[in-house]
Amino acid sequence: MKYADEFRDKTIARGLARAIGAEAESQSEYRFMEFCGGHTHAISRYGLEDMLPANVRMIHGPGCPVCVLPASRIDMAIRLAERPEVTLCVYGDLMRVPGSQGKSLLTAKAFGADIRMVYSTLDAIRIAEQAPNREVVFFAIGFETTTPPTAVMIRLAEKKWLKSFSVFCNHVLTPSAMHSILESPDIRNIGRVEVDGFLGPAHVSAIIGTEPYEVLAQQFGKPIVIAGFEPLDMMQAILMLVRQVNEGRHEVENQYSRAVTRKGNRRAQEEVSDIFELRDQFEWRGLGLVPHSGLKLKQAYAQFDAEMRFAMHEVRVADNPACECGAILRGVKRPVDCELFGTVCTPEIPTGSCMVSSEGACAAHWTYGRFRDYQLRRA
């Protein structure tokens, strides 16, 4: 496969591993958080941790939009879907995420709620056009990567005069979450792990560029390297982070220059800023309330805002106390530190959001890492 195999070359990967081992100072520890769930999945899939020296540790971050969505927002979606006049359109990976009572959208659908799985925002528009007498609501979720398609969808719904179409908006912002991980008093109280640098997200950065991270790197003295998803991308980015730490630098560097620029995708940014505005705060699973980390529709588009249209109210609820998703999303614990991992919580019957999503840390470790653990126990 051209343009993929080149970034999975074992010989080059081993060379990068040797370079990391040679440049990582033996008396130092290097703790790097990969923010993106896609990076977490790739690290597990390609066994990159096994190629790193013992003093270079990767910490899984909160970079999966399904994983960080709190149970209260799932509860709101279930209550909305159970209204007889509503058709709720959702992406498939949201269907099995448990709410506060263990109920999921899949359960609600089994009991008669009109919930449709969609593959794109256009699917939701088609359903709204085909059912003009139904209240069709799109469950919008994701980081900066998926927000532009939602903005375009709302503009299209306006153009088509879809009077019974609306959006339940749960779009969140990456830099705000990184800021919270480094500084939030709440995070300090509930526990956090020390981070020496970040492997910056790829798809998100293709939209927002590298510029928004520059304030974070300077304010907190933490290097950030934007990395692609292939194994050589990440090995090279880790080497760049090690070099920055050794040299006492804390800059934003762009390893993924074939897709990311400093300014990002201006057209997408303009679409988003035309439709959305910042919420004062938004709850993240594992991080609590994070200021200015979520988006809502501007007043000019209030007719498409499902929270206003249906007078939806959020009631914060506690997570399952036995589930360690919150600590795993902050990098404090690993999937194997959770007593539920691989016992009552599996991809077939997930208890926590990190096991539901394919990009979740628990799902990635279940798919690839558990075999490594088994081999280590036998050794």
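Colleague: Where does R279 lie, and what makes it buried or exposed?
Modeller: The model is a predicted one, and in it R279 sits in the loop between β10 (276–278) and β11. Its relative accessible area is 12%; buried means under 20%, so R279 counts as buried.

Colleague: Which residues does R279 touch, leaving out those up to four places away in sequence?
Modeller: R73, C169, H292, G294, L295, K296 and E307. One of these, R73, belongs to α4 and is buried there.

Colleague: What makes you say that α4 is largely enclosed?
Modeller: Ten of its eleven residues are buried, so the rest of the structure largely encloses the helix. The buried residues are A71, S72, R73, I74, D75, M76, A77, I78, L80 and A81.

Colleague: Which residues have the most partners in the largest nonpolar core?
Modeller: That core has 73 residues, and L88, L105, I115, F139 and W284 touch the most other members. The element that gives the most to this core is helix α4 (residues 71–81), with six residues.

Colleague: How do you know whether L105 is buried or exposed?
Modeller: Its relative accessible area is 0%. The cut-off for buried is under 20%, so L105 is buried. L105 is in helix α5 (residues 105–110). Leaving aside residues up to four places away in sequence, it touches A77, I78, L88, V90, L94, M95, I115 and F139. A77 and I78 are among the buried residues of α4.

Colleague: How far from L105 is Q27?
Modeller: The two are 50 Å apart in space, C-alpha to C-alpha, and 78 residues apart in sequence.

Colleague: What about A22: why is it called exposed?
Modeller: A22 has 66% relative accessibility, and exposed means over 50%, so A22 counts as exposed. A22 is in helix α1 (residues 10–23). A22 and P53 are 31 residues apart in sequence and 9.3 Å apart in space, C-alpha to C-alpha.

Colleague: What makes strand β2 largely enclosed?
Modeller: Seven of the eight residues of β2 (residues 56–63) are buried, so the rest of the structure largely encloses the strand. The chain reaches β2 from β1 by way of helix α2 (residues 37–46), and this β-α-β crossover is right-handed.

Colleague: How do you know that β1 and β2 are paired?
Modeller: Pairing needs at least two bridges; β1 (residues 30–36) and β2 have six, in the parallel sense, so they count as paired. E34 stands opposite H60 in β2.

Colleague: How many aromatic pairs does a search of the whole structure find?
Modeller: Six. One of them is F35 with F143, at 6.0 Å centre to centre and 65° between the planes.

Colleague: What makes the pair of Y91 and F138 edge-to-face?
Modeller: The ring centres are 5.6 Å apart and the planes stand at 85°, so this pair is edge-to-face. Y91 is in strand β3 (residues 86–91) and F138 in strand β5, 47 residues apart.

Colleague: Why is Y91 called partly exposed?
Modeller: Its relative accessible area is 22%. Buried is under 20% and exposed is over 50%, so Y91 falls in between and is partly exposed. F138, at 0% relative accessibility, counts as buried.

Key. Residues numbered from 1 in each chain as written. Predicted model: local features only at pLDDT ≥ 70, side-chain atom pairs only at ≥ 80, totals over all residues. Heavy atoms only, no water. Buried < 20%, exposed > 50% of the residue type's maximum accessible area, 1.4 Å probe, protein only. Helix = DSSP H or I, 4+ residues; strand = E, 2+ residues; numbered from the N terminus. Right-handed = clockwise from strand over helix to strand, strands pointing away. Core = buried A, V, L, I, M, F, W, Y, C linked by side-chain atoms within 4.5 Å. Contact = heavy atoms within 4.5 Å. Phe/Tyr/Trp six-rings, centres within 6.5 Å; stacked < 30°, edge-to-face > 60°.
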